Amino acid sequence: MAAADLRLAELPPEFLRLNGADPDWLDGLPGLVADLAARWSLTVERHFPAIRFNYVAPATRADGTPCVLKVSRHLADARNEIAALQLWGEAAVARLLAADPARGALLLERLQPGTMLTAVAEEDDDAATAI
């Protein structure tokens, strides 16, 4: 899905209800996502299914790097999250790839589930213990 294809009617009802207090932000969300996608050279996919407070969607950078676009109307919270991720740097759970604090936007590293440690232990308990 291209960012310009974002349709408010396709967003979860709970997301629309919780963000309905700011109809200007909600109405501007498709344009904001499209602008961020162009600015950061992203192909934005369909949003994650259970979004409630923030718009969050998987995306891919022009170089093929998988990432996650997160946009919040709660600017103070978004700015705090950006500051925390910048402070933690490489120690963060997901790296902050880009941010626009004034617009409540974050571009995050997309984390993919790996192999569960219990599966490693089934094959090689010593290796699991070392991990």
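**Entry 1**

I started with Arg39, which is partly exposed at a relative accessible area of 45%. For my own notes, buried is under 20% relative accessible area, exposed is over 50%, and partly exposed is in between (1.4 Å probe, protein chains only). The areas themselves come from the Shrake-Rupley method with a 1.4 Å probe, and for residues only the protein chains shown count as cover.

Before going on, I noted that this is a predicted model, where local features need pLDDT of at least 70, side-chain atom pairs count only at pLDDT 80 or more, and totals for chains, interfaces and linings use all residues. Residues are numbered from 1 along each chain as its sequence is written, and side-chain values use heavy atoms, with hydrogens and water left out.

Which residue does Arg39 meet in a salt bridge? I found Asp100, at 2.5 Å from N to O. This pair links distant parts of the chain, with Arg39 in helix H2 (residues 23-39) and Asp100 in strand S4 (residues 96-100), 61 residues apart. Asp100 counts as buried because its relative accessibility is 9%. I also saw that Asp35, Arg39, Asp100 and Arg103 are linked in a network of salt bridges.

Terms I used here: a salt bridge is a side-chain nitrogen of Lys or Arg within 4 Å of a carboxyl oxygen of Asp or Glu. Helices (H or I, at least four residues) and strands (E, at least two) are DSSP runs, numbered from the N terminus.

How many salt bridges does the structure hold? I have 9 on record. One of them joins Arg52 to Glu14, with the closest N and O atoms 3.1 Å apart. Arg52 lies in the loop between strand S1 (42-44) and strand S2 (55-61) and Glu14 in helix H1 (residues 13-19), so this pair ties together parts 38 residues apart in sequence. Arg52 is partly exposed at 40%, and Glu14 is partly exposed at 28%.

I then looked up Arg95 and Glu109, whose side chains meet in a salt bridge at 3.7 Å, N to O. Arg95 sits in the loop between helix H3 (75-88) and S4, and Glu109 in strand S5 (residues 105-109), 14 residues apart.

**Entry 1: a negative patch**

Last, I turned to the surface, where Glu122, Glu123, Asp124, Asp125 and Asp126 gather in a patch of negative charge. Patch residues have over 30% relative accessible area and no salt bridge, with like charges joined within 9 Å. Helix H4 (117-123) and helix H5 (125-130) each supply at least two of the patch residues. Glu122 is in H4, and it counts as exposed because its relative accessibility is 68%.

How values were computed
Patch = residues over 30% accessible without salt bridge, like charges linked within 9 Å, V, L, I, M, F, W, Y side chains within 5 Å. Lys, Arg positive; Asp, Glu negative; His and termini not counted. Charge placed at Lys NZ, Arg CZ, Asp CG, Glu CD.
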